[in-house]
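Here's a quick walk through the interface, the salt bridges and some helix packing. Have the viewer open as you read.

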Number of protein chains: 2
Amino acid sequence: MAVRSVGVVSPQRMVFDEPLRLKSGGVLPRYELVYETYGELNAAKTNAVLVCHALSGSHHVAGYYEDDPKNIGWWDNFVGPGKPLDTRKFFVIGVNNLGGCYGSTGPKSIDPETGEPYGSRFPFVTVEDWVEAQARLADRLGISEFAAVIGGSLGGMQALSWALQYPERVRHVLAIATTPKLTAQNIAFNEVARQAILSDPDFHGGDYYRYGVVPKRGLMLARMIGHITYLSDDAMAEKFGRALKHGAFRYSYDVEFEIESYLRYQGEKFSRYFDANTYLLTTRALDYYDPAAEYGGDLAQAFARAQARFFVLSFSTDWRFSPARSREIVSALVHSEKPVSYLEIESKAGHDSFLLEHPHYHAAVRAYLNQVAV
Amino acid sequence: MAVRSVGVVSPQRMVFDEPLRLKSGGVLPRYELVYETYGELNAAKTNAVLVCHALSGSHHVAGYYEDDPKNIGWWDNFVGPGKPLDTRKFFVIGVNNLGGCYGSTGPKSIDPETGEPYGSRFPFVTVEDWVEAQARLADRLGISEFAAVIGGSLGGMQALSWALQYPERVRHVLAIATTPKLTAQNIAFNEVARQAILSDPDFHGGDYYRYGVVPKRGLMLARMIGHITYLSDDAMAEKFGRALKHGAFRYSYDVEFEIESYLRYQGEKFSRYFDANTYLLTTRALDYYDPAAEYGGDLAQAFARAQARFFVLSFSTDWRFSPARSREIVSALVHSEKPVSYLEIESKAGHDSFLLEHPHYHAAVRAYLNQVAV
């Protein structure tokens, strides 16, 4: 951690009093965004890079907190001095998305109108709304143009959307392990996770805060389902296989197999810190995202207005957003005559690969970002 | 239905007073099996075929009931006069497995010791126990040897197990869309489904019968997860894609996409008729099955004692039990110098293919069974 870490970091907060009109028709009259920055903004303000987070990520991308040194940013292996996204060259920004549960205004924030948590009254937010909010933050930081916007998975959708919503404000897009839209199967997994939460008696229609409970069972199940889709079949086989917890079957519904122990642990841990309403909102944002929809499904046409250069990366064993989905993006960009590089990384780790320190993957990003002028 | 159906059928019941010692160490002192038969047992009793059912199947394999003509057997397209498993040639038996919820002794049956449903006291049952119980039923029907034992998915595991537990009692095994053991990913899906049921407040530790409730939410979630794994990504894309229920987004957690409507409908329907304890027991039987385990993982060695001829079938888009899993079976049989035929069927429908009327699949089974001597 020490040598190549950005070191001690502090979250910052920005208050926005201009109402934000959302794609859903809702309005947030006032909101706050919590964010972190790493590196230094140069005098010309041309070296800023925005890192967009995925489902369970946050603004805490890299480094650690002085009072909580074990709380290391979720992409610390990727962002820092000498790392693929090098903070000696770039000024990196991480933002907790609207609707999140790490400090930006979200369902568990106090609604000034009622003095209670928003809960079920928090409006639906979309990828496009997040980009809009991020753009306003950039305005306030005096950043008129990003050298790059980078994200994996749902973060990749935001990076793509930046090129469409603010073509003149982003020079490079790195879209990693992502997709131009969810498939029926992707939506199906989200739906089961949502139903697990919505049907938990402790959900109370989204207003569980006032009962002093959380829909823990539902959140656990949602996270367990998620984890199955983040790992490849092969990675699970290699890591757990049919290994037994107790050496022999006990004929019980308690843990028999190590994979069960892993899933329960991940689910339980997640249910202690993640907000169920944020989970619901975020999976819906995933479902809704489809930039080609307003062009009759023609993604190439959707990309026509983009001005960025694109680097699209996928991982061979990712079955959540498979390489084929990345190739759809590449194909649309090619047909729209946009500059695009594409790399499919051989990796055993499935969708999770984008978060891991994989030499070839990191080398490729490093090489790409090395040639980005600032 | 009319022309090639076995027509009106009636379930039968057999009571067994000899205790059944189970692999788990438990004992069922007395139990009943409900079964159906189609066709006629020949004088030499050499034309009997056992059809083994999968997770949600039953003894009602073909035909319909006089008082419930819409209740058609789950494999009616496969079993009947002139169908792949031709009841003009074969005497076909379907049995509801022990622990089931369609009439054979199971968790919702009355435990004679307490006068209450077994519930949480019902012992764990395994694939091997089912085969043992089926063998006893065969004894009582005077069937010393099956012309064939046939099953898909979990039913295929039983068919394989027949060849190992009673090598001299089965001449042909048709193992369809199955696997020699579950992977970590397979177990993971089962585990999430189980946790959905176990964590449902209406589960009451398995003794929900006495409270007059069922863990409906858990069963719904379990079935929804199941359905995702039964269908291929492609089949889901083709059948549902991103089609919307209401033509436009409503920004809601109600049904937005058709796939959500389908999953909820399937889950809700299932939760009305299937017993949660049976679901739990059956998924555990799936997890536990591993005939190679007692041979240090050497499946070829496990097959050494088999005397049957094998026909192994898989479906190209089945990602629950992929063709690679069938090839493991084939490879072990080949290395054990057993007679085996293998066919991978091109099908879009995923794991569900084994239940569907697919011309090439049905023709292949028909051709194979044509050459089975009776």
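## The interface

Chain B and chain A bury about 4,600 Å² between them, with carbon and sulfur atoms giving 68% of that; buried area here is the accessible area (1.4 Å probe) that two parts lose on being put together, summed over both. Arg242(B), Tyr251(B) and Tyr253(B) supply 20% of what chain B buries against chain A, more than any other three residues. In terms of contacts, 51 residues of chain B touch 51 residues of chain A, where contact means heavy atoms within 4.5 Å.

A note on the ground rules: this is a predicted model, so local features need pLDDT of at least 70 and side-chain atom pairs count only at pLDDT 80 or more, while totals for chains, interfaces and linings use all residues. Residues are numbered from 1 along each chain as its sequence is written, chains are lettered from A and ligands numbered from 1 in the order written, and side-chain values use heavy atoms, with hydrogens and water left out.

## Salt bridges

The rule asks for a side-chain nitrogen of Lys or Arg within 4 Å of a carboxyl oxygen of Asp or Glu. It finds 52 salt bridges over all chains, and eight across the interface of chain B and chain A. Take Arg264(B) and Glu191(A), whose side chains meet at 2.5 Å, N to O.

Inside chain B, Glu116(B) pairs with Arg210(B), the closest N and O atoms being 3.3 Å apart. Glu116(B) sits in strand 10 (residues 116–117) and Arg210(B) in the loop between helix 3 (184–198) and helix 4 of chain B, so this pair ties together parts 94 residues apart in sequence. Helices (H or I, at least four residues) and strands (E, at least two) are DSSP runs, numbered from the N terminus.

## Helix packing in chain B

Axes are lines fitted to C-alpha atoms, for helices over the stretch in contact, and angles run from 0 to 180 degrees between N-to-C directions. The axes of helix 4 (residues 216–230) and helix 6 (residues 258–273) of chain B come within 8 Å and cross at roughly 130°. The contact includes Leu219(B) and Met220(B) of helix 4 of chain B and Phe270(B) of helix 6 of chain B.

Helix 3 and helix 7 (residues 276–288) of chain B pack at about 160°, their axes 10 Å apart. Among the residues making that contact are Ile187(B) and Ile197(B) of helix 3 of chain B, and Leu280(B) of helix 7 of chain B.
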